[in-house]
Amino acid sequence: MKLYGDGIHDDTLALQELLDGRGIVRIEKPGTYLVSKTLIIHSNTRLELSPGARLLSAPLSRCALMENEHFADHDGGRDENIEIIGGIWDGNCDEMGLDAVTELKNRLETPYRPYVFKGKLIRFAHVERIHLSRMTVRNPVSYGVQIADVYGFAVRDIFFDYNRHFGTTDGIHINGPAYDGVIENLCGTTNDDLVSLTTYDEPHAEITLGDIENVVIRNLSARNGYSAIRLLAGENYAMRHIHIDGVYGKYRHHALVMGNHNDRPGDTWFDDIVIENVRASKSYTPLGEDCCTYWDKHFDRCPLFFFEKRAICGSVTVRNVHRHEEQESPAPLFKFADTVIIDRLYLQNVRQTTPCGVEKPPLWVNEGEIRELIEHDVDPKE
């Protein structure tokens, strides 16, 4: 079956035929490959695309570009050994016939069903060992990449190119249970979190629920980003052994936010959370009139590190943080909501700087309970 790659002819069936062959699948010819139906990738498959190969969601297709074979399998079926390298993955959000705000509100009110389009561009679930790398992710309706119920994952060298016409457009979104993963070298623009780890989720995204453990997140960067990293725990599931190393750039909302965002029932628990080497500051560049600004009210006051409601934590370490603000800002570096409890918070080498004559932002707003605070080389709180 012929692959056209001209952006006019539908290449879905030809692409699927290649994927059904499993093994190593290569698309070496640059071009635009139109996709009108979700492509299914199977176990033991490596898909390689040239940097100029663009998979484009067909207008009004309203489907994910790719899923794994057992994505919607709730009877115990799983996939393994999936690798995707390269290519431009384009959600073509403006051609889906959706109004951004209406779609956002309706999606939040609709219970999760795996066969209903909820705006996710690439999504995988129930998989052992998955590796995504050297990809450009462009213009999804919602999340760029969603991975759920995963054991062993690596996501690296991803560039996000979003037009921000839609909201809740995460970069990499991980749903528990998720174990033993690396997420590194991400940059570009999204209109929500660059990385989100969630033991539970909102109805439009809750494929699975479960613990998240042993995840390393390294080297994130954005210009006028929304937030860099969101950690959500709840529903009696825990998040443990998370190491964040390297957050750079400017963010309208947060460099890091963690808690129980929607006040879901059940216990919340974070433990052994390490955040280090942060060189981030606030962005005060508003989005354009064509962008979805549904969540952007009062973003100038959002703290860089936000421990929001019901962030119940064991050990949290924050070290080697330098925030430089070119203008006066009301946004504190740290804020702890009134239902936050942290057993042990360790701060080391935390600095804020401003140009001469510009007042430093507040370092600390604490309405919660920090049972043990250990500080070394930290700016004064007043």
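**Inside the model**

Mentor: Two cavities of 30 Å³ or more turn up when the whole structure is searched. A cavity here is a set of points on a 1 Å grid, over the protein atoms alone, where a 1.4 Å probe fits but cannot get out; the points are joined across faces, edges and corners, and the volume is the space filled by probe spheres set on them. The model is predicted, with local features needing pLDDT of at least 70 and side-chain atom pairs pLDDT 80 or more, while totals for chains, interfaces and linings use all residues. Residues are numbered from 1 along each chain as its sequence is written, and side-chain values use heavy atoms, without hydrogens or water.

The largest cavity holds about 60 Å³ of space. Its lining has 14 residues, and Ser57, Cys63, Gly91, Phe117 and Leu121 are the closest to its centre; a lining residue has an atom within 4 Å of a point. By type, seven of the lining residues are nonpolar, five polar and two charged. Cys and Phe count as nonpolar, and Gly as polar.

The second largest cavity has a volume of about 50 Å³. Around it are Leu15, Leu18, Leu19, Val25, Ile27, Leu39, Leu47, Leu55 and Met66. Helix 1 (12-20) and strand 2 (23-27) each give two or more residues to this lining, and helix 1 has the largest share, three residues. Helices (H or I, at least four residues) and strands (E, at least two) are DSSP runs numbered from the N terminus. This lining is made of nine nonpolar residues, with no polar and no charged ones.

Now to a single side chain. Gln146 sits in strand 11 (residues 145-161). Gln146 counts as buried because its relative accessibility is 1%, and buried means under 20% (1.4 Å probe, protein chains only). The side chain of Gln146 makes a polar contact of 2.9 Å with the side chain of Asn175. Beyond four places in sequence, the contacts of Gln146 (heavy atoms within 4.5 Å) include Lys120, Phe124, His173 and Ile207.

Notes: 1 Å grid on protein atoms, 1.4 Å probe; cavity = no way out; pocket = protein on both sides within 12 Å on 5 of 7 lines; lining within 4 Å. Buried < 20%, exposed > 50% of the residue type's maximum accessible area, 1.4 Å probe, protein only. Polar contact = N/O pair within 3.5 Å; in protein donor to acceptor, adjacent residues only side chain to side chain.
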